[in-house]
Amino acid sequence: GDHLLRQRRKAEAAGVPSWNIMLDPGIGFAKDLEQNLTLLRHCGELVSRTQPSPMLIGASRKRFIGSILGEPDFKKRTFGNAAATAIAIAAGADMVRVHEVKEM
């Protein structure tokens, strides 16, 4: 949360209007399984702390979902992707990135 807020302040200081800034905690990028799960568990808190910026959560097809499901093939993780997406939406994420649009 603090890192996202610092980055937002830098962008605003550089002249980017706050309404043009969407934050993404980067689920799956340089994070281990527990760090990704922590982000999902605390997604609602993160959304609240970073208001008024909208929050994007892009957990679809990430390796941590495969680890949980025991499924190395990202094309077979639809239910895990749906669960992570539902968690993000329930927590207040403003936008989600998915691969299986029709299924979601």
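Visitor: Which residues line the second largest pocket?
Guide: Good place to start! This is a predicted model, where local features need pLDDT of at least 70, side-chain atom pairs count only at pLDDT 80 or more, and totals for chains, interfaces and linings use all residues. A pocket here is an open set of points on a 1 Å grid over the protein atoms alone, where a 1.4 Å probe fits, with protein on both sides within 12 Å along at least five of seven lines; lining residues have an atom within 4 Å of a point. By that rule the lining consists of Leu 37, Leu 40, Arg 41, Phe 64, Ile 65, Ile 68, Leu 69, Gly 80, Ala 83, Ala 84 and Ile 87.

Visitor: Which helices each supply at least two residues of that lining?
Guide: Residues are numbered from 1 along each chain as its sequence is written, and side-chain values use heavy atoms, with hydrogens and water left out. Helices are DSSP runs of H or I with at least four residues, strands are runs of E with at least two, and both are numbered from the N terminus. The helices that each give at least two residues to the second largest pocket are H2, H4 and H5.

Visitor: How many residues of the lining of the second largest pocket are nonpolar?
Guide: Ala, Val, Leu, Ile, Met, Phe, Trp, Tyr, Cys and Pro count as nonpolar, Asp, Glu, Lys and Arg as charged, and the others, Gly among them, as polar. The lining of this pocket has one polar and one charged residue, and the nonpolar count is nine.

Visitor: What volume does the largest pocket have?
Guide: Its lining includes Gly 28, Asp 32, Arg 61 and Phe 74, and divides into three nonpolar, three polar and six charged residues. A volume is the space filled by probe spheres set on the grid points, which are joined across faces, edges and corners. The second largest pocket comes to about 150 Å³, and the largest to about 190 Å³.

Visitor: Which element gives the most to the lining of the largest pocket?
Guide: Helix H2 (33–41) and H4 each supply at least two residues. The one that gives the most, with three residues, is H4.

Visitor: How many salt bridges are there?
Guide: Side chains of opposite charge can pair when their charged atoms come close. A salt bridge is counted when a side-chain nitrogen of Lys or Arg is within 4 Å of a carboxyl oxygen of Asp or Glu. One of them joins Glu 34 and Arg 41 at 2.8 Å, N to O. By this rule the count is three.

Visitor: How many residues apart in sequence are the parts that Asp 2 and Arg 49 tie together?
Guide: The side chains of Asp 2 and Arg 49 meet in a salt bridge at 2.4 Å, N to O. Asp 2 belongs to helix H1 and Arg 49 to helix H3 (residues 43–49), so the parts they tie together are apart in sequence by 47 residues.

Visitor: Is Glu 100 buried or exposed?
Guide: Glu 100 forms a salt bridge with Arg 61, with closest N and O atoms 3.6 Å apart. Buried means under 20% relative accessible area, exposed over 50%, and partly exposed in between (1.4 Å probe, protein chains only). Arg 61, at 27%, is partly exposed. Glu 100, at 7% relative accessibility, counts as buried.

Visitor: What is the nearest side chain of opposite charge to Arg 8?
Guide: Arg 8 sits in helix H1 (residues 2–13). Contact means heavy atoms within 4.5 Å, and Arg 8 touches Ile 21, Leu 23, Thr 50, Gln 51, Pro 52 and Ser 53, not counting residues up to four places away in sequence. Lys and Arg count as positive and Asp and Glu as negative, while His and the chain ends are not counted. Arg 8 is buried yet has no salt bridge, and the nearest side chain of opposite charge, 4.1 Å away, is Glu 12.

Visitor: What is omega for the peptide bond that joins Gln 51 and Pro 52?
Guide: Most residues other than glycine have a negative phi, and most peptide bonds are trans. Pro 52 is in the loop between H3 and S1. The bond joining Gln 51 and Pro 52 is cis, with omega of about 10°.

Visitor: What is the phi of Ala 30?
Guide: Ala 30 is found in the loop between H1 and H2, and is exposed, with a relative accessible area of 84%. Arg 61, in the loop between S1 and H4, has a positive phi of about 65° although it is not a glycine. Ala 30 is not a glycine either, yet its phi is positive, at about 55°.
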